[in-house]
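I opened this model to look up its chains, the contact between them and some helix packing. My entries follow in the order I made them.

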2 protein chains.
Amino acid sequence: MSQILAVGTMAFDEIITPFGQSGKTLGGSASYIALAAQKLFNDIGIVSVIGEDFPDAFLQKFIDRKIDISGVEKLKGEKTFYWKGKYHNDLNRRDTLITEINCLEHFKPIVPDAYKTADFLMLGNLHPAIQQLVIDQMTKRPKLIALDTMNFWMNTAWDDLMTLLKNIDILIVNDEEARQLSKEYSLVRAAKTIQAMGPKYLIIKKGEHGALLFHGKNIFFAPALPLEDVFDPTGAGDTFAGGFIGKLAQMEDIGFSAMKNAVICGANLASFTVEKFGAQRLESLTKLEIKDRLQDFINLTQFEIELV
Amino acid sequence: MSQILAVGTMAFDEIITPFGQSGKTLGGSASYIALAAQKLFNDIGIVSVIGEDFPDAFLQKFIDRKIDISGVEKLKGEKTFYWKGKYHNDLNRRDTLITEINCLEHFKPIVPDAYKTADFLMLGNLHPAIQQLVIDQMTKRPKLIALDTMNFWMNTAWDDLMTLLKNIDILIVNDEEARQLSKEYSLVRAAKTIQAMGPKYLIIKKGEHGALLFHGKNIFFAPALPLEDVFDPTGAGDTFAGGFIGKLAQMEDIGFSAMKNAVICGANLASFTVEKFGAQRLESLTKLEIKDRLQDFINLTQFEIELV
């Protein structure tokens, strides 16, 4: 049986949007990835780190969903990673008000034995050397290693990132990150350059403008669902990644056609996350709601045309 | 037999991009609409106005393609509408350097008798009162009246535009224009507001991010084809409109499914226009190239998924 290992942060997020304030809510890349993937797939383990202040009630959310948190280390005398940010009126831009790294500074990921042979490894955004430490602990090469990263590591840990890119299968970044990584403005050119750095597959997320999947000469596009209101975009990217890896694990298939479906499922789940603060909508989300919205995506994109 | 009547400008465009300068090249909304629609449909008439300086060689491009130019009026003692613009490095923004209205100031459209019963009327961007004058000359209500407009008329001719919107079927605008017209930021909300102003159908173009088609609760999305290089975006929007109306006329169908195909065909043709200066690529474009690229659009967007 396949397994997903999700690696990343578990955090307190405090989010201010034009619609209100979230207070300290559950955040972090590993949280979103696991909660999203769990909508589609059952055997998921998290590797992350938390402080002593991380509430049991937050951990219980994962336990209730049968997500394995034996790889979540609670560091004594440390506080949990904390981020506070404020979105502009159009919700496309945000300012970081506070970032407290806290326990994350001492994070040395330890993969539980039960997940050292996981077929699907999703590495959320962390220092590339930390991400590499996880790969090094796997006793069997996963079928698929997916990686998220960010501009900050391109500026501060370029060599580590370049080494890491040679060891993964699919990179998931946004358009700005793809441009910085490749030094190309055109996303098609950026995709070529990035694939030459190692990953055979690449997803470029464009926020409200959807996501592109690249593999050699193949390109697939998943739009974001047009919504009446976006309430809070926080976590949409990690939700996308979780939905993506969750669908691949569910299908036990990593071919390009399966990846198309996985990209659509990622976009589907992300369209829910933005409806409420943080992970709140993801927590309440049902399989029926996901299925209905998948039909919306089909209606939005599928057409029948004669090739004349 | 169906006919298309295309109304709009015929112009000299002078375009500067990071890749070079076009010199005085054929431009104008009616030019792009007709040249694009002609790739898909045969009986097209233009209503427009030119000055005495408009070269016969430019008119010959239309005659060669059996596009009826009997409604193109050459005004004595006048010069042709002229636009000069310079694109920024990312090609998403441009500055207008020169606009000479010239003959357009005296434009009183006269619809040739042969096109007064056309089924498909495409009104390119002009003063809304001028666009209304065309509708008034039709002796039979067209099956479909499509309209392009711009922010300038929202600022200077709001009442004329509101009257006109009640008389048309589909409005084709870009995202910025949709937001100004509706005073809504969310495009889904904007679409509702605009449909309540009159047009039952609405297309919102998002440039490199594709186009959305709205009709009641139905939404369809056509991406722009991801390209290695965009050479010159001038005319892409009018090409889209021409491909859209051309496909509908070809299918003789104005249902929502036909419109999906038409939006894809519009995006298809627009993806060619941006490859060269002005209308140059559109002029050389073959049916086989269009068919091949339609397959690219199918590969880009179509997927098969189980609804579970």
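I took helices (H or I, at least four residues) and strands (E, at least two) as DSSP runs, numbered from the N terminus. The model is predicted, so I kept local features to pLDDT of at least 70 and side-chain atom pairs to pLDDT 80 or more, while totals for chains, interfaces and linings use all residues. Residues are numbered from 1 along each chain as its sequence is written, and chains are lettered from A and ligands numbered from 1 in the order in which they are written.

**Chain A.** I counted eleven helices and 13 strands in chain A. Its radius of gyration (over C-alpha atoms) is 18 Å, close to the 19 Å of the globule rule (2.2 Å times the number of residues to the power 0.38) for 308 residues, so chain A is as compact as a globular protein of that length. Along the principal axes, the C-alpha atoms of chain A fill a box of roughly 70 × 45 × 40 Å.

**The contact.** I called two residues in contact if their C-beta atoms, placed from the backbone, lie within 7 Å. Chain B gives 29 residues and chain A gives 28 residues. On the chain B side, the elements with two or more residues are helix 7 (187–196), strand 13 (218–222), helix 9 (256–273) and helix 11 (287–301). Helix 11 of chain B has the largest share, five residues. I sorted this side into 17 nonpolar, six polar and six charged residues (Ala, Val, Leu, Ile, Met, Phe, Trp, Tyr, Cys and Pro are nonpolar, Asp, Glu, Lys and Arg charged, the others, Gly among them, polar).

**Helix packing in chain B.** I fitted axes as lines to C-alpha atoms over the stretch in contact, with angles from 0 to 180 degrees between N-to-C directions. Helix 8 (residues 236–251) of chain B packs on helix 9 of chain B at about 140°, with the axes 7 Å apart. That makes helix 8 of chain B oblique to helix 9 of chain B (under 35 degrees is roughly parallel, over 145 roughly antiparallel, 65 to 115 roughly perpendicular, the rest oblique). Their contact divides into 13 nonpolar, eight polar and one charged residues.
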